[in-house]
Amino acid sequence: MIFGLMYFLIIMPQKRQEKKHRDMLSKLKKDDKILTQSGIIGKIVNINNDFVRIRTADKTELDITKSSIVAILSKSNKEENKK
């Protein structure tokens, strides 16, 4: 009884959030503007299996792990032009 209640209050919402995050990461594309856990905002330059290279300023690029991305702030211009 207690485990069932705990499952619906704690585990199920956490699994839902993890799935939402995985789905967001799978939709990343070059030129998307993203936000990291540490508050860095950048534009995606290159995507590898576990890492993403982002441009934060004119000549500044950083390699970050995909899992550190928390939000896509705006989609690439190519995608916006299709609509």
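Tutor: Let's take glycine 42, which counts as buried because its relative accessibility is 5% (buried means under 20% relative accessible area, exposed over 50%, partly exposed in between, using a 1.4 Å probe and protein chains only). Before we go on, keep in mind that this is a predicted model: local features need pLDDT of at least 70, side-chain atom pairs count only at pLDDT 80 or more, and totals for chains, interfaces and linings use all residues. Residues are numbered from 1 along each chain as its sequence is written, and side-chain values use heavy atoms, with hydrogens and water left out.

So where does glycine 42 sit? You'll find glycine 42 in strand β2, residues 41–47. Helices (H or I, at least four residues) and strands (E, at least two) are DSSP runs, numbered from the N terminus. Setting aside residues up to four places away in sequence, glycine 42 touches Asp32, Lys33, Ile34, Ile54, Arg55 and Thr56, where contact means heavy atoms within 4.5 Å. Take Ile54 from that list: the C-alpha atoms of glycine 42 and isoleucine 54 are 5.4 Å apart, although 12 residues separate the two along the chain.

Now look at isoleucine 44. Again not counting residues up to four places away in sequence, isoleucine 44 touches Leu28, Lys29, Lys30, Asp31, Asp32, Ile34, Val52, Arg53 and Ile54.

Leaving aside neighbours within four places in sequence, threonine 36 is in contact with Ile64, Ser68, Ile69 and Val70. Threonine 36 lies in strand β1, residues 33–36, and is buried, with a relative accessible area of 5%.

Finally, zoom out. The chain has two helices and five strands, running α-β-β-β-β-β-α from the N terminus. Its radius of gyration is 16 Å, well over the 12 Å that the globule rule gives for 83 residues, so the chain is more spread out than a compact globule. That radius is taken over C-alpha atoms, and the rule is 2.2 Å times the number of residues to the power 0.38. Buried residues, glycine 42 being one of them, make up 17% of the 83 residues in the chain.
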